[in-house]
Amino acid sequence: MSSANTGIEWTDKTWNPTTGCDKVSPGCAHCYAEAITRRFPNHFPQGFDLTLHPDRLDQPRRWRKPSRIFVNSMSDLFHKDVPLDFLRQVFAVMGETPQHIYQILTKREQRLQELAPLLPWHPNIWMGVSVESQAYVCRVEALRSVPAQVRFLSCEPLLGPLKLDLAGIHWVIVGGESGVGFRPMEPEWVESLQEQTQSAGVAFFFKQWGGRHSKAKGALLNGQLYQEMPSSWNFNTSQVFESRAA
C-alpha cells in the first residue's frame with residue numbers, strides 16, 4: 001500500500017513516502033488511514049506510528065503517465081517527526097517529475113509555515129490544509145503565505161458551518177464524514193461554501209455527503225454535480241506536454 005490508483009475523486013494516485021500520524025483536531029477522530037493500518041497489519045508492521053519510507057522516493061519517477069498524485073494519503077508530510085532533510089528529498093522528486101501534479105494536504109499549518117521558506121515550491125506542487133470547522137480557519141491564513149502554484153482547502157469531514165476568507169485560495173474541496181460513527185453534515189453548510197467559492201471565483205469540488213458508506217448519499221448538491229478543478233490543472237498539463245515535446 002505504498003502507492004496505488006485511488007477512488008478519491010479529485011486525484012489519480014496516492015504516494016506515501018511516510019505512513020502513520022497522530023490526532024491533532026476533531027477532524028482526525030475517525031481517521032480512515034488509521035483504520036486501514038488496523039485492517040491490514042501485515043502491510044503496516046509499525047501500525048500507525050510515523051514511519052519514513054526512503055525506498056519509496058523513486059516511485060513517481062517510474063510513473064510515465066502524467067497523473068495527479070495525492071502525497072501521503074496515509075500520513076501528514078508536515079508531521080513534526082518528518083525531518084527537514086527527508087522533506088527536501090520528497091520535494092526534489094516532485095521537482096524532477098514535472099509530468100505529475102502533486103497534491104499535499106496537512107493539518108499542521110504552523111510547521112508548514114515555518115518550513116515553507118526552506119523548500120523548493122516547483123510549479124507542479126499544490127498545497128492544501130484541512131479545515132473542518134470554524135475553529136481551524138487559522139490554517140487558511142498560514143496557507144496563504146505558502147508560495148505554491150495552487151493553494152487549496154479540504155473541508156472534509158465538514159463538521160460545522162464555515163465563513164472563509166478565500167483571498168489567495170484557488171480550490172475548495174468539501175465532503176461529509178463516512179464510516180461507523182459518522183457525524184452528519186448539514187446541507188446549508190455545503191450550500192454556503194458553494195456560494196462563497198462562486199462569489200470569490202474559486203473552484204468548488206463537492207466530494208460526497210457521507211454516511212455509513214461513503215457513496216451512500218451521492219455527491220449531488222441541489223441536483224447538480226460540482227467537480228471543479230483549478231484552472232492551472234489544464235494549464236500545467238499543457239505546459240508539461242509542450243516542454244516534453246520540445
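Start by selecting N222. At 65% relative accessibility, it counts as exposed, because the cut-off for that is over 50%. Keep in mind that you are looking at a predicted model. N222 sits in the loop between β11 (220–221) and β12 (224–225). Check its backbone: phi is near 50°, a positive value in a residue that is not glycine. Most residues other than glycine have a negative phi, and most peptide bonds are trans.

Next, go to N72, another non-glycine residue with a positive phi, here about 65°. Buried or exposed, this one? N72 is buried, with a relative accessible area of 2%, and its place is the loop between β5 and α2.

Stay in that loop and pick H79, which also lies between β5 (68–71) and α2. H79 has 2% relative accessibility, so it counts as buried. Which residues does H79 touch, once neighbours within four places in sequence are set aside? Show C21, D22, L50, R108 and R111.

Now hop to the peptide bond from E156 to P157, which is cis, with omega near -5°. P157 belongs to the loop between β8 (150–155) and β9 (171–175).

Finally, zoom out and switch to cartoon. The protein chain has six helices and twelve strands. Its C-alpha trace spans about 45 × 45 × 30 Å along the principal axes. The radius of gyration is 17 Å, which agrees with the value near 18 Å that a compact globule of 246 residues would have. Of those 246 residues, 53% count as buried. Among contacts between residues at least 6 apart in sequence, 71% join residues at least 24 apart.

The accessible area comes to about 11,400 Å², and 51% of it belongs to carbon and sulfur atoms. If you colour by charge, look for 25 positive and 24 negative side chains; the centres of the two sets lie 5 Å apart.

Technical notes:
Residues numbered from 1 in each chain as written. Predicted model: local features only at pLDDT ≥ 70, side-chain atom pairs only at ≥ 80, totals over all residues. Heavy atoms only, no water. Helix = DSSP H or I, 4+ residues; strand = E, 2+ residues; numbered from the N terminus. Rg over C-alpha atoms; globule rule 2.2 N^0.38 Å. Buried < 20%, exposed > 50% of the residue type's maximum accessible area, 1.4 Å probe, protein only. Contact = heavy atoms within 4.5 Å. Areas by Shrake-Rupley, 256 points an atom, 1.4 Å probe, with all protein chains shown as cover. Lys, Arg positive; Asp, Glu negative; His and termini not counted. Charge placed at Lys NZ, Arg CZ, Asp CG, Glu CD.
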